[in-house]
Structure formats: structure tokens, C-alpha cells
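I opened my notebook to get to know this structure step by step. Come along as I look things up.

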Amino acid sequence: MKRIFADSRSWAGLATVILLAIVQPALAQESGDPERGAHLANQCAGCHGPSPPQWAIPALQGMDPQRFTDRMAAYRSGKRAHPAMTVFATALDEADIADIAAYLAKQADETERSSQ
Ligand code: HEC
């Protein structure tokens with residue numbers, strides 16, 4: 001009997017881990033509106049392009065939301081400076097940046113799904 005209890009406890013633990021793995025990315029995406037982000041990101045496409053990126057400008061598609069937000073914060077604070085990016089980053093507010101981050105993350109999910 002003891003053995004069965006131990007097993008069911010480890011199954012419950014495993015189920016919790018799986019559930020968290022599914023729920024957490026969904027919660028993270030709720031912080032931004034990907035539809036609005038797609039609209040805002042139109043102004044970035046001229047330089048960052050649709051994938052693959054044109055010229056030597058880094059691609060934004062599929063960028064990790066945290067990484068994207070950190071990069072934008074660096075331009076906004078002046079920690080990182082670039083004539084174009086400083087203008088674009090300071091013209092957006094934090095909600096705009098969260099929406100674009102959600103849009104880029106959503107694109108990453110779609111690329112993953114279509115390559116499966
Ligand atoms: C006029 C061209 C241009 C436009 C428009 C533009 N960018 Fe950029 N962006 C650049 C260039 C050039 C760099 C690389 C600059 C550097 O070295 O810091 C860059 C870098 C970035 C980075 C850092 C990438 C990394 O991997 O470090 C992010 C994030 C970014 N841009 C987001 C945006 C967003 C969001 C928009 C639209 C709101 C936008 N950019 C519009 C030219 C542009």
C-alpha cells in the first residue's frame with residue numbers, strides 16, 4: 001500500500017510540473033496584446049524586415065520577450081545608443097513595448113508550429 005501512495009504522489013508532482021510548463025508561457029503572454037503589437041511593429045519592419053532580416057540589422061522575429069524588453073529599456077535609458085533606435089524606443093511607452101514583445105513571441109510560436 002505504501003508503495004502505491006508514494007507512486008501516486010510522484011505522479012501528482014509530475015502532473016503539476018507539466019501543468020506549470022503549459023500555463024506559465026500563457027500567463028507571460030497575457031501581459032501584452034499581440035494584435036496591437038503587430039500594428040506597432042509595422043514601423044520597425046522597414047529596417048528589421050520580415051524574416052530573414054535585410055542588411056546587417058538584427059532580426060526581431062521570435063525574440064525572447066524579456067530580451068526584447070531589456071534591449072528596448074537600454075535604448076530608452078541611454079545605456080545603449082543608436083540614432084534610429086533611440087528615437088523609436090523613446091517614442092514607445094512600456095505598454096507598447098509589452099505588446100510588441102507579445103507579438104514577437106507569438107510569431108516564434110507560430111514558426112515553431114509550422115516547422116513541425
Ligand atoms: C531606421 C531603421 C530602424 C528602425 C525603423 C527600427 N530599428 Fe531597431 N535597430 C536598428 C539598428 C541599426 C539596430 C542595431 C543598433 C545597435 O547596434 O544598437 C537596431 C536594434 C534593435 C534592437 C536590438 C536588437 C538586439 O538583438 O540587440 C531592438 C530590440 C530593436 N532594434 C527594436 C526595434 C523596434 C521595436 C522598432 C520599431 C518600433 C525598431 N527597432 C525600428 C534599426 C532600426
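**Contacts along the chain**

I began with contacts between residues at least 6 apart in sequence: in this chain, 71% of them join residues at least 24 apart. I count two residues as in contact if their C-beta atoms, placed from the backbone, lie within 7 Å. A note on the model itself: it is predicted, so local features need pLDDT of at least 70 and side-chain atom pairs count only at pLDDT 80 or more, while totals for chains, interfaces and linings use all residues. Residues are numbered from 1 along each chain as its sequence is written.

**Helices and burial**

I looked up the elements next and found six helices and zero strands. Read along the sequence, the pattern is α-α-α-α-α-α. Helices (H or I, at least four residues) and strands (E, at least two) are DSSP runs, numbered from the N terminus.

How much of the chain is buried? I read that buried residues make up 16% of the 116 residues. Buried stands for 20 or more other C-beta atoms within 10 Å of a residue's own, exposed for 12 or fewer, and partly exposed for what lies in between, with C-beta atoms placed from the backbone.

**Around the ligand**

Which residues come nearest to the ligand? I noted Cys-44, Cys-47, Pro-58, Arg-71 and Ala-84, out of 18 residues around it. A residue is near a molecule or strand here if its C-beta atom, placed from the backbone, lies within 6 Å of it. Helix 3 (42–48), helix 4 (65–77) and helix 5 (83–91) are the elements that give two or more residues to this shell. The largest share, five residues, is from helix 3.

By type, I saw twelve nonpolar, four polar and two charged residues in the shell around the ligand. Nonpolar covers Ala, Val, Leu, Ile, Met, Phe, Trp, Tyr, Cys and Pro; charged covers Asp, Glu, Lys and Arg; the others, Gly among them, are polar.

**The largest nonpolar core**

I moved on to the largest nonpolar core, which has 13 residues; Ile-97, Ile-100, Ala-101, Ala-102, Tyr-103 and Leu-104 touch the most other members. Such a core is a set of buried Ala, Val, Leu, Ile, Met, Phe, Trp, Tyr and Cys residues joined through C-beta atoms within 7 Å. Helix 4 and helix 6 (94–114) each supply at least two residues of this core. Helix 6 gives the largest share, eight residues.

**Helix 4 against helix 5**

I checked how helix 4 and helix 5 meet: their axes come within 8 Å and cross at roughly 100°. Axes are lines fitted to C-alpha atoms, for helices over the stretch in contact, and angles run from 0 to 180 degrees between N-to-C directions. The two helices are therefore roughly perpendicular to each other; that label covers 65 to 115 degrees, with angles under 35 roughly parallel, over 145 roughly antiparallel and the rest oblique. Met-72, Tyr-75 and Arg-76 in helix 4 meet Met-85, Thr-86, Ala-89 and Thr-90 in helix 5. I sorted the residues of this contact into four nonpolar, two polar and one charged.

Is Phe-68 buried or exposed? Phe-68 lies in helix 4 and is buried, because 20 other C-beta atoms are within 10 Å. Leaving aside neighbours within four places in sequence, Phe-68 is in contact with Met-63, Ala-101 and Leu-104.

I found Pro-34 in helix 2 (residues 34–40). Pro-34 is partly exposed, with 19 other C-beta atoms within 10 Å. Not counting residues up to four places away in sequence, Pro-34 touches Ala-102, Tyr-103 and Lys-106.

My last stop was Leu-92, in the loop between helix 5 and helix 6. The C-alpha atoms of Leu-92 and Met-72 are separated by 9.3 Å, and the two are 20 residues apart along the chain.
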